[in-house]
Amino acid sequence: MDLVPRTSNEAQAASARFVREAWGLQGAAYIVVILRYFSRIRQLGWRKLALDDFLMFAALLTYTAETTVAHVLVTTFHGLANNAITDTDRALLPPHSEEYQLRILGSKAHVAGLLLYTTLVWLLKACWSVYYARLTVGVHNMRMWVVGAYIIMPATYMACLCVAIFKCVPFEKQWQIYPYPGNNCTPAVSELQTVFVMVMNTVTDFYLLAIPLPMVWKSNLTWRKKFFLLLMFSGGFIEMAFGILRCVCILTLGDTDAAQSGYWSVRESFVSFVLTNMPMVYPLIKRFMEKSIISLSGGTSGIRKDGVSGQHGYALDSTPSHLGKGGPRNRVVIGKSNKHPLSDDTLWGSEENIVSSDDGKRVRGSWSSTASSRDIATTDAMAQGSGGGRGRAVSVERGPDSIEPQNSGGSGKKGKPKGILVTHEVTVTEDVRDASTPRRW
């Protein structure tokens, strides 16, 4: 006797919606990963990809497997498992019936999906840990937190695996139909596993958030930059919210809809996946938006790929031909080795630097080493003030509170650098004005 319940049109429509949602999110995840690797390879070259780049590829494969399992669970096994069935129906259900076999296969799919979900979430946490390790290099007291992450993340992952494997002994009891195996052996609605994974997920997310947020809050950044960074790094709160929502939905709706575990696992995985890749993808989005705004406003970017600005601009380390040999040669240098992680060099780029402190003050024991636009303008004004005589090269050295230009010509002694030596080239644009009009900088 075939006891497989006839799926209503409403249930079929819900399954179809979930399939579209799941693979739509999967496609978006592929796009995000492609953008990540494009950005990373463009900045570093493929030979300098870091550990988190390879972990992200493993996470992508795991995410794909998780979505595939959820798809099969909903479409092929009709969301059935060894739960959501009364004891009487268990006793009456023939072992060779279609429903019996579907429930066994559905329970196995739930076990596989939960293991894939846990593996994916902790792979993404590993990506964050490696990223923060690079981000906090040279920051006072941050090394201890990163080392702690390297210990806590594997330990909590192994704990989750142990709960998934040993919560029900023997292991194959997790797809037993009759007699009722107990809540711990029903993988779709296991309270122990669901709550334990949620707690471990929340605790580790809080720990990871404790690495960048205090560092950003105590930095000497502008409030606008602080707000932006705090917003970016606070994505972990969204992950926690989805993890808690997944737990609540499984425990409250699991007995009426066994596929709830698959639904919310896929959704939370997508949110975590996108947020983890956001620091690498953001530079591309930012550049695209800036170019779009400039294009719509009818302006030009002003800087070409060769480092020389458009129209009348010139690179600081070169002398424009129309200025002659006596024109100013300006070079601003920033030493990469002494950079504070919260600097403006790459903005989530190859060195994982984000924003700079424009005032050059100490940020938790380190110096911010990015020259601000005000510093560059000051340097260029000093060079232009030398007149049309012999050109001079002006180097900028950043001290605690000032920038000290040093004349390469003349008899003055060359002082020992007091601050960080700037090595990045910057480009300024020269305003063409009437010769009788005084030039302002």
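Guide: pLDDT is the predictor's confidence in each residue, on a scale from 0 to 100. It comes up here because the model is predicted. From residue 343 to residue 420 the pLDDT stays under 50, although the model has 199 contacts for this stretch beyond four places in sequence. The average over the protein chain is 73, and 64% of the residues score at least 70. Residues 300-341 also have a pLDDT below 50, with 127 contacts beyond near neighbours in sequence.

Now the overall layout. The protein chain holds eleven helices and eight strands. It has 441 residues, of which 46% count as buried. Of the contacts between residues at least 6 apart in sequence, 71% join residues at least 24 apart.

To the salt bridges themselves. Side chains of opposite charge can pair when their charged atoms come close. A search of the whole structure gives eight salt bridges. One of them joins aspartate 52 and arginine 36, with 3.3 Å from N to O. Because aspartate 52 belongs to helix α2 and arginine 36 to helix α1, this pair ties together parts that are 16 residues apart in sequence. Both aspartate 52 and arginine 36 are buried. The two are also members of a network of salt bridges that links Arg36, Arg40, Asp52, Asp53 and Arg134.

Lysine 125 and aspartate 205 form another salt bridge, and their closest N and O atoms are 2.7 Å apart. Lysine 125 sits in helix α4 and aspartate 205 in helix α6 (residues 191-209), so here the parts tied together are 80 residues apart in sequence. Again, lysine 125 and aspartate 205 are both buried.

The salt bridge between aspartate 87 and arginine 90 has its closest N and O atoms 4.0 Å apart. This pair lies within helix α3 (residues 87-92); because aspartate 87 and arginine 90 are three residues apart there, about one helical turn separates them. Aspartate 87 has 52% relative accessibility and therefore counts as exposed, whereas arginine 90, at 2%, counts as buried.

Helix α2, which holds aspartate 52, also contains threonine 64. The side chain of threonine 64 makes a polar contact of 2.8 Å with the side chain of tyrosine 30. Beyond its neighbours within four places in sequence, threonine 64 is in contact with Gln26 and Tyr30.

The largest nonpolar core has 27 residues, and Phe18, Met56, Ala59, Tyr63 and Phe273 have the most contacts inside it. Two or more residues of this core come from each of α1 (9-44), α2 (51-75), α4 (98-135) and α10 (260-296). A second, separate core has 21 residues, including Tyr132, Ala149, Met240 and Met280. Back in the largest core, phenylalanine 18 is among the residues with the most contacts. Not counting residues up to four places away in sequence, phenylalanine 18 touches Ala70, Val74, Gly262, Tyr263 and Val266.

Key. Residues numbered from 1 in each chain as written. Heavy atoms only, no water. Core = buried A, V, L, I, M, F, W, Y, C linked by side-chain atoms within 4.5 Å. Buried < 20%, exposed > 50% of the residue type's maximum accessible area, 1.4 Å probe, protein only. Helix = DSSP H or I, 4+ residues; strand = E, 2+ residues; numbered from the N terminus. Contact = heavy atoms within 4.5 Å. Salt bridge = Lys/Arg side-chain N within 4 Å of Asp/Glu carboxyl O. Polar contact = N/O pair within 3.5 Å; in protein donor to acceptor, adjacent residues only side chain to side chain.
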